[in-house]
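Here's a short tour of one model, taken a piece at a time. Have a look at it first, then read on.

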Amino acid sequence: MGLQTEAIGRLQDPAEVSGGGVISIGAAGILINGGSVLLIGQGHQLSIKAALLHLLTDLAGSGIVVVTGVLLAAGAWPGVDPVASILLSVMVLHATWRLLQRSIHELLDRSPTSVTPEAVREALH
């Protein structure tokens with residue numbers, strides 16, 4: 001919530017932000033998170049999926065940061081920076097909510113959503 005509050009405040013009074021600096025930070029995030037995604041690979045355990053989701057969300061966020069930096073360097077409205085911050089926070093909130101739902105589902109020992117009662121009956125006969 002702090003990020004959104006700060007971003008809303010910056011929307012009302014946009015600060016000058018260096019587009020080049022923003023691009024550099026976003027590019028570093030792409031390299032680090034992209035490399036980490038490649039190292040983790042894919043797994044079926046929830047913890048691996050959670051780590052991968054976190055990295056992919058960060059990777060997408062870094063892409064948004066680069067685009068924001070390019071827009072700022074091109075002379076775009078300074079409010080593009082807080083708008084990008086709000087977009088990133090909504091994206092993270094959405095990813096976190098989905099992961100929380102899957103975690104609760106697994107903690108309650110529920111069957112995977114891809115398994116239907118009909119498929120279980122067929123497999124048992």
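## Where α1 meets α4

In this predicted model, Leu3, Gln4, Ala7, Ile8, Arg10 and Leu11 of α1 touch Asp81, Pro82, Val83, Ser85, Ile86 and Ser89 of α4. Contact here means heavy atoms within 4.5 Å, and helices are DSSP runs (H or I, at least four residues) numbered from the N terminus. Sorted by class, this meeting place has seven nonpolar, three polar and two charged residues. Nonpolar covers Ala, Val, Leu, Ile, Met, Phe, Trp, Tyr, Cys and Pro; charged covers Asp, Glu, Lys and Arg; the others, Gly among them, are polar.

How do you describe two packed helices? You give the angle between their axes and the distance between the axes. For α1 and α4, the axes come within 8 Å and cross at roughly 160 degrees, so the two are roughly antiparallel (that label is for angles over 145 degrees). The axes are lines fitted to C-alpha atoms over the stretch in contact, and angles run from 0 to 180 degrees between N-to-C directions. Their crossing is left-handed, which is to say the near helix is turned anticlockwise from the far one by less than a right angle.

How many salt bridges does a search of the whole structure find? Arg10 pairs up with Asp81, and the closest N and O atoms are 2.4 Å apart. (A salt bridge needs a side-chain nitrogen of Lys or Arg within 4 Å of a carboxyl oxygen of Asp or Glu.) Because Arg10 sits in α1 and Asp81 in α4, the pair ties together parts that are 71 residues apart in sequence.

Arg10 and Asp81 are both buried, meaning under 20% relative accessible area with a 1.4 Å probe and protein chains only. Arg10 comes in at 18%. Leaving aside neighbours within four places in sequence, Arg10 contacts Asp81, Pro82 and Ser85.

## Over to α2 and α3

Helix α2 (residues 19–40) packs against helix α3 (residues 46–73) at about 160 degrees, with axes 8 Å apart. That makes α2 roughly antiparallel to α3. By class, their contact has 17 nonpolar, ten polar and one charged residues. This crossing is left-handed.

## Reading the numbers

Residues are numbered from 1 along each chain as its sequence is written, and side-chain values use heavy atoms, leaving out hydrogens and water. Local features need pLDDT of at least 70 and side-chain atom pairs count only at 80 or more, while totals for chains, interfaces and linings use all residues.

Definitions and conventions. Angles under 35 degrees count as roughly parallel, over 145 as roughly antiparallel, 65 to 115 as roughly perpendicular and the rest as oblique. Buried means under 20% relative accessible area, exposed over 50%, partly exposed in between (1.4 Å probe, protein chains only).
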